[in-house]
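Colleague: I would like to learn how to read aromatic rings in a protein model. Could you take me through it step by step?

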Amino acid sequence: MLGTLITFPELLVLLPLIAGLLLFFVGKNYSKQIALLASLLVLGVSLWSLLHTDVASYNAVSYIWLKYFGATYYLLLDPVSRIFTFLTALTFPIIIASTFSRKYNHSFYALMLLAQCGLMGVFVSMDALLFYFFWELALIPVYFLCSMWGGERRIQATFKFFIYTFVGSLLMLLGIIFVYLHTPPKTFEDGVQAAHSFSWHAFKNAALSSGQKVGAFFLFLIAFAIKMPIFPLHTWQPDAYDQSPNSVTMILSGLMVKMGLYGLVRWLLPLFPEESIHYSKWIVVLSVISILYASITAFSQNNIKRLIAYSSIAHIGLMCAAVFSMNTMSLQGAMIQVFSHGINIIGMWVIYDIIERKTGAKHLSELSGIANKAPALTIFAVIIAFANIALPLTNAFIGEFMMFGGVYKFNRWLAFLAGISIILAAGYTLFFIKKVFYGEVNDRTAHITDISMDEKLILGALAAWIFVVGVFPQPLIELTKEAVTYLSIQNN
Amino acid sequence: MNNIINLAWLIPVLPLIGFLINGLGRRHLSKSMSGIIGSATILGSFIISLLIFFQVKDGHTANLHYFDLFNIDALRVSFGFKIDQLTSLFLLLITGVGFLIHVYSTSYMHDETAPDFAKYFAFLNLFVFSMLILVMGGNYLIMFFGWEGVGLCSYLLIGYWFKNKDYTKAANKAFIMNRVGDLGFLLGIFWLINKTGTLDYDQVFSAASLSKLSLMDITGITMLLFVGASGKSAQIPLYTWLPDAMAGPTPVSALIHAATMVTAGIYMIVRSNILYTLAPATLWVVAIIGIATAFVAATIATQQDDIKKVLAYSTVSQLGYMFLGLGAADYSGAVFHVITHAFFEALLFLGAGSVIHAMSGEQDMKNMGGLKKPMPVTHITMLIGCIAIAGIPPLSGFFSKDQILASAFAKHWALWGIGVFTAMLTAYYMFRMYGLTFLGKFRGTHEQEHHLHESPAPMTIPLIILAILAAVGGFMGIPEIFVHGGNKLAAFLQPVLAPSLKILEKHPHEISHNTEYMLMGISVAVALAATFFAIMKFRNYQRTQAKGNALITTLKNKWYVDEFYDHAIVHPIKDMSRFFTNTMEKKVIDGGVNGVGKFVHYSSRQLRWIQSGKVGNYIFWMVVGMLVLFIIKLFV
């Protein structure tokens, strides 16, 4: 039986790793097909794991890794991991399929799959050193993808991205080592004793004084805040999104930013519950600033990718605010939104990618009247745009509703301020639609054709997801409910 | 027969099916097919609504539960419908007027290409679906679903002719201004959830749940819900989107921006009547906003030359009356005016559409005149509409407006005073419109004159039906002083309003019969006088050089409210956005980050042998480090 001989978390990490490494050497002519196949395989495993996870142990596996450091290869597929790994598995086939009309060589796809391996690893690791290892492993392919296949200013953008995330990683590593030095000793089955342990449970029981805890809390917090990102640590993101190839932007915005959120719920909140509660008000305030700042900044963006980037920062800000509001409703909303944001923003990029390929334009001012030439594309764009602003009966509504409701419970004035973003989001999103799709055609758009069948398939799949989850959110709620209950048990 | 109410789900599903067929098949359907599908589905809903109405009249109401929309520990929201007296009235209104407007559209939109024609009917069906969900939902969240759905359809239909950037701008404005209201609605919902733990109407309005709410809570919740209502129903300060929304095709204006969607705010308040009755402060706010909107919109309407703009402001003004009625806690009066207004305002809009159609798209009344002869049916039906809206007995507007004005007087005489003054303005601007359009000599081009014709039957028949309804619709609510038990509508709505009425009975605001006769006499007299004055003034209108004074210029420019909003809200946001992009992002934040970058570069110079400052090298060493870790693992 699948998942017994070799466990789900291992499979989710190993499959993309093997496929990625293989792609460097074999099957160069069919690299995109192989990559798609591998990602579908991962999706299959992930779907299977949703139904057949062993509830008692959550398919934990633990091998000895660095015995004398007390580090283990400790993986787990608990309800929280299941959400994030499923999102990763679900989006990768779409991302890879969206590259089919472009010419990338085999190393591109190999790196993409390695990034997936890193992401999966981040989401299943229960050992802090292993977590850090995968955290970096997920980033490295992205640096390469961005610096080799990116836009004109890719070197600058990658450098900025690198500095930011490097600082973040460094602080996190510092935090990990600091907490590690205060963990109890670990004895392995063969009697070898390590002075300390990197395991999540040891970290949770680390003997830190309250002052030390505050210090460690902030080290982790800054690392995750850069990743999400939260104002004022966000400026790498518009540049990186802008200069990366579109499919890499999808990974960055749909999945990589979720690493930050995952870090919050997996590590920060359980390890530092008192500090999280103590500083929650300030973090929610910062998140709300982030939401409003990004929403307002989005208005004057002419570059479409930067527009979407700021919109994403606003969305992530709301998720962060919801996580730190720390009530059932807000956490539930955030967990659902992890999903919906991932799907919707990838949808936005797919739309953008098609427009860019058809017209060569990257800016709002260059575009007009696409609806005249490409009605089907317009319909999908409008659907995804309205999902992005969380219209009811689209997937994003229920999550945003719960997040706002949860933040309201935390503090009604902050909910009001954050709520202003629903007006602003409607403003810039509809402005984008109006500018690009409506009006008369211009030189750039006069000769374009409507989308092809396979583009319709990709967008159709996204639209179907948007509506099905929008009308029947309960299954997704069930999937995430367990995670919320699980988290609140861990936090107590 | 008793089971018919269980078929209620078909009422919204039929238009949804119409939407799907027309939307997905728009490339394959002929125009007549799309028209038939669009209209027939609404007719089907109307027939079921009618059957349900009779059942409800016999006292059968129902709460229908279909599935749990979501169910988390903190909150359970079901997808279900509530069919009671209030809902069944709105069902009849939406599907009945909706059907007439669909039929009208088959002719009005005939110049569109087949796919666009199908798209139009798809959107119109989707609108009816959303509006039905709004009034049928059994809790505030389902109402909110419909609420946003109608907003979406309004956006899509205002921007239906998307090549025109002004139209799409108007569409955006409508949606964004409505979102301001939506935020209020949402915050109200959250407040309710926090205090009562439910959104289900029956549970929220139960004594157990009301006892959990302090006066402060109820006032806050009702105020926030009213913010939502004032967005959707175009009240001060959120009314400016509605006149711009006239960019959409005229039947859309009739259906969405006159008869149905804009009355959603009134529906919401009547649905929550017990909460409002318990919040006297909110009722005062509602009354004041209502009368102020009625007055301001009426003043603007007197100086508009675009026939649709006049009607748009008349709609805003009439909606103001409805809120005045709500503020006076006369919920049945407000619903009464919703119904009569749907008849006469839809009639006026469709009549205007017929005129615009005959004038080859011309909307400026200065270029019309003398249309009485070439367009007899449109003329007579429009005249009936004008008399009805002016509040001249015995047409429908008289009864409903009078009921509201009487209730307003009972609350405060000043509300009544401004209301009557506004009624005078209403009669004036409506008959100004009538005079400019139908009387005098034709002032347009020869080409237009040659083209003048009465509209075809699919357009005139809805006009005739609506004219009959606008004429006799008032008899459903004959005041008590004329016929004892004459107010059938109030009696019908009694079960929905019972809890409020019980509270209101404790503080009766009865006015004597003599006073009521006197009030009625005054309002009819001023309406007749204004009508007479307007007809005299505009029956032979000749174009003259405009010599407006400051007041007229201000009114022509709609009190400069749009300009004020631009300067007070839109421009500051845009300026702030540019400041964030150019200064905050580049100089302040990145400046700081570059400082870090320089530091790294500086350090790299000190440690040049391992750090070259190039990303590739960093990554290389990172990879090496990890490999080393792995290798260690292999040997330990």
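Colleague: Which ring does Arg412(A) lie over?

Modeller: A charge sits over a ring if NZ of Lys or CZ of Arg is within 6 Å of the ring centre and within 35 degrees of the ring normal. Here Arg412(A) lies over the face of Trp191(B), 4.2 Å from the ring centre. Likewise, Lys32(A) is over the face of Phe100(A), at 5.7 Å. This is a predicted model, where local features need pLDDT of at least 70 and side-chain atom pairs count only at pLDDT 80 or more, while totals for chains, interfaces and linings use all residues. Residues are numbered from 1 along each chain as its sequence is written, chains are lettered from A and ligands numbered from 1 in the order in which they are written, and side-chain values use heavy atoms, leaving out hydrogens and water.

Colleague: And how do I describe two rings together?

Modeller: A pair of aromatic rings is described by the distance of the centres and the angle of the planes. Rings of Phe, Tyr and Trp (its six-membered ring) pair if their centres lie within 6.5 Å; planes under 30 degrees apart are stacked, over 60 edge-to-face, and the rest tilted. That rule gives 71 aromatic pairs over all chains. One of them, Phe84(A) with Phe123(A), is tilted, with 5.2 Å between centres and 45° between planes.

Colleague: Are Phe84(A) and Phe123(A) buried or exposed?

Modeller: Both are buried (under 20% relative accessible area; exposed is over 50%, partly exposed in between, with a 1.4 Å probe and protein chains only). By contrast, Phe472(A), at 45% relative accessibility, counts as partly exposed.
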